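Reader: I am new to this structure. Please take one part and look at it closely.

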Amino acid sequence: MLGHNQKRTGAEVLADMLGGYGVTHVFMVPAVLRRTFAEMERRTSIARIHTHGEKSAAYMADGYARASGKPGVCMAQVIGALNLAAGLRDAWLAHSPVIAMTGGRDPKTKFRKVYQEIDDMPAFEPVTKMNVTIDDVSRIPDMIRQAFRTATTGAPGPVHLQFRGNEGQVDLDEAEMEAIVEAQFARVPPFRPEPEAAHVKAALDLLQKAERPVIVAGGGVRTSGAARELIALAEALQIPVATSLNGKDVIPGTNALSVGVVGSYSRESANRIVNAADLVCFIGTETGGMTTHFWAVPKIGTPAIQIDIEAEALGRNYPLQASVLGDARTVLIKMLGQIDKTSAMRRQKWLEQVKAIKSEWATKYQSLLASDAMPMNPARICGDLTKLMPDDAIVVVDTGHAGMWMGGLYDLRTPQQSYMRSAGHLGWAFPAGMGAKAACPERPVVVFTGDAGFWYHIGELETAVRWKLNSVTIVNNNGGGNQSKRGFDRAYGGEQTQQARELWTYNPMNFARLAEDMGALGIRVEQPSEFGPALAQALAANRPAVIDVATDIEALAPTPVT
Ligand SMILES: Cc1ncc(C[n+]2csc(CCOP(=O)(O)OP(=O)(O)O)c2C)c(N)n1
Ligand SMILES: [Mg+2]
């Protein structure tokens with residue numbers, strides 16, 4: 001057998017395996033697995049992206065994974081381990097396959113108050129599908145394979161490997177090892193489990209019988225690569241499609257059957273339509289609080305069916321009339337093979353109602369999306385982005401108001417456009433956009449973030465310039481975290497005091513100037529008409545770009561309708 005009886009260092013094997021799995025970038029703060037980094041340089045072409053913090057390294061790996069479907073790899077030495085764990089939290093919430101590697105405790109020095117060390121393992125437990133230690137070098141090959149297998153199968157998610165030694169020095173040891181790689185697990189989805197035929201039929205029968213059905217599609221459709229089949233089914237049966245925020249890019253907003261994002265960071269038309277449905281078909285969604293506005297959209301008790309790759313997801317929040325266990329694309333292909341297109345006739349009235357609700361929304365928001373107000377209303381940025389986003393762009397969006405503005409008011413125009421969003425952590429989008437650009441250098445990456453979100457990891461602009469991770473970052477700069485405005489008004493029992501603004505506002509800042517000083521292109525936009533040309537200039541810049549848009553701190557994103 002190749003390599004049998006031949007001793008090799010852990011570093012050689014680990015570098016060969018990462019190369020073998022097709023990893024192109026790793027994101028880290030040194031010093032961890034130093035010898036492995038030397039072997040990566042000798043044996044592979046993996047880019048070793050040295051960042052300004054472990055949390056942003058994890059976010060970059062997460063963005064890389066969500067953009068490419070390939071596991072993203074991030075690393076930290078023992079003292080940075082919990083910073084890295086914090087960064088896995090969004091990947092965990094979004095089912096993103098991230099592989100985290102840290103240095104860890106050596107049996108020789110455990111419990112002696114050795115410098116910088118605590119037991120880090122418990123901190124990784126709630127944010128990983130697999131959390132293991134590699135204490136002996138000979139375990140590197142099987143544990144790496146298990147890490148890729150666990151991260152990519154079922155509903156994907158993060159894993160953590162702790163390497164013995166504060167810097168993971170176990171990689172210096174030698175053993176007889178083979179760098180066997182299972183290419184199947186180098187991207188999602190490695191398996192497409194087949195559903196039971198009777199379950200598919202039962203679900204399809206209900207869908208076809210329904211007069212007012214709606215599909216709620218989530219991130220599982222995205223992971224499965226099932227967008228085309230989803231749209232084919234919806235069009236054949238004439239069923240409107242709402243999505244979760246995580247699944248926003250599975251149907252372009254311009255499709256006649258697309259009704260928008262449903263739930264909390266949502267579009268009014270989507271919530272109204274889902275709440276008027278006589279059957280909701282959930283596909284690849286956790287039916288979590290965000291997608292259902294805390295189970296008010298649809299209301300619990302609404303007739304529902306569900307398709308998911310995870311058995312325990314089926315029926316968790318909504319009692320089901322039919323459930324199908326399997327890969328989303330496989331299930332949809334099975335359905336498409338046996339549909340009765342004539343059943344679409346039954347839904348003509350429903351589709352007219354859907355069309356009317358959609359056009360009421362469009363009429364209501366038309367002027368806001370084209371607003372000429374100064375300071376600018378962020379809705380105008382969304383309106384312009386719908387029109388101007390390149391056909392193959394990856395759009396990366398932060399949380400809070402950023403998620404609300406873009407989730408509700410921005411539309412994808414083409415099936416080639418991708419959309420990724422923070423699953424809740426402020427500050428995620430900018431580093432995640434860098435990871436997306438690393439994974440897909442040929443595609444434009446456009447980040448939308450608030451100023452509070454951008455401040456979190458602004459130091460990574462230097463990393464972006466250093467590594468030519470040329471994303472375009474649009475900062476909705478209103479000088480504070482204005483999502484807090486409503487919350488503090490409530491806390492003060494009506495209207496907050498003037499002094500309360502110290503809780504959520506900042507000093508004014510010109511991020512364009514800051515960006516220029518760090519070697520990026522910086523453009524300041526104060527007038528609505530300047531935004532389009534600024535975006536064109538940023539996209540053509542050939543270096544990272546920051547568009548600093550001065551916006552109205554009083555402008556609040558639309559709240560969810562139930
Ligand atoms: C890690 C983390 N901490 C706190 C929050 C709570 N939070 C949500 S939005 C927000 C303020 C956002 O401000 P900014 O990015 O400037 O966007 P704006 O609301 O001003 O549009 C805060 C603090 C969060 N989502 N994540
Ligand atoms: Mg702000």
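**Around ligand 1**

Author: Start with a nitrogen atom of ligand 1: an N or O atom in the side chain of Tyr456 is 3.4 Å away. That makes a polar contact (a pair of N or O atoms within 3.5 Å). Asn478 also reaches the ligand, with a side-chain N or O atom 2.9 Å from a ligand oxygen. Gly453 uses its backbone instead: an N or O atom there lies 3.0 Å from an oxygen atom of ligand 1. Taken alone, the ligand exposes 590 Å², and the protein buries 74% of that (accessible area by the Shrake-Rupley method, 1.4 Å probe).

A word on the model. It is predicted, so local features need pLDDT of at least 70 and side-chain atom pairs 80 or more, while totals for chains, interfaces and linings use all residues. Residues count from 1 along each chain as written, chains are lettered from A and ligands numbered from 1 in written order, and side-chain values use heavy atoms, without hydrogens and water.

Back to the shell. It holds 17 residues, each with a heavy atom within 4 Å of the ligand. Among the closest are Asp451, Ala452 and Asn478. Gly480 and Asn482 belong to that closest group too. Helix H16, residues 451-456, gives the most, with four residues (helices are DSSP runs of H or I, at least four residues; strands are E, at least two). By class the shell has three nonpolar, 13 polar and one charged residues; Gly counts as polar here, and Asp, Glu, Lys and Arg as charged.

Now for the spaces in the protein itself. A pocket is an open set of points on a 1 Å grid, with protein on both sides within 12 Å along at least five of seven lines; lining residues have an atom within 4 Å of a point. Its lining has 18 residues, and Arg267, Trp361, Ala362, Leu369 and Asp411 lie nearest the centre. Strand S11 (258-261), helix H12 (348-369) and helix H13 (378-388) each give two or more. H12 has the largest share, six residues.

Asp411 turns up again in the lining of the largest cavity. A cavity is a set of points where a 1.4 Å probe fits but cannot get out. This one has a volume of about 80 Å³. Val241, Thr243 and Lys248 are among its lining residues. S11 gives the most to that lining, with three residues.

How values were computed
A polar contact is a pair of N or O atoms within 3.5 Å; within protein, one must be able to donate a hydrogen and the other to accept it, and residues adjacent in sequence count only if both atoms are side-chain atoms. Grid points are joined across faces, edges and corners, and a volume is the space filled by probe spheres set on the points.
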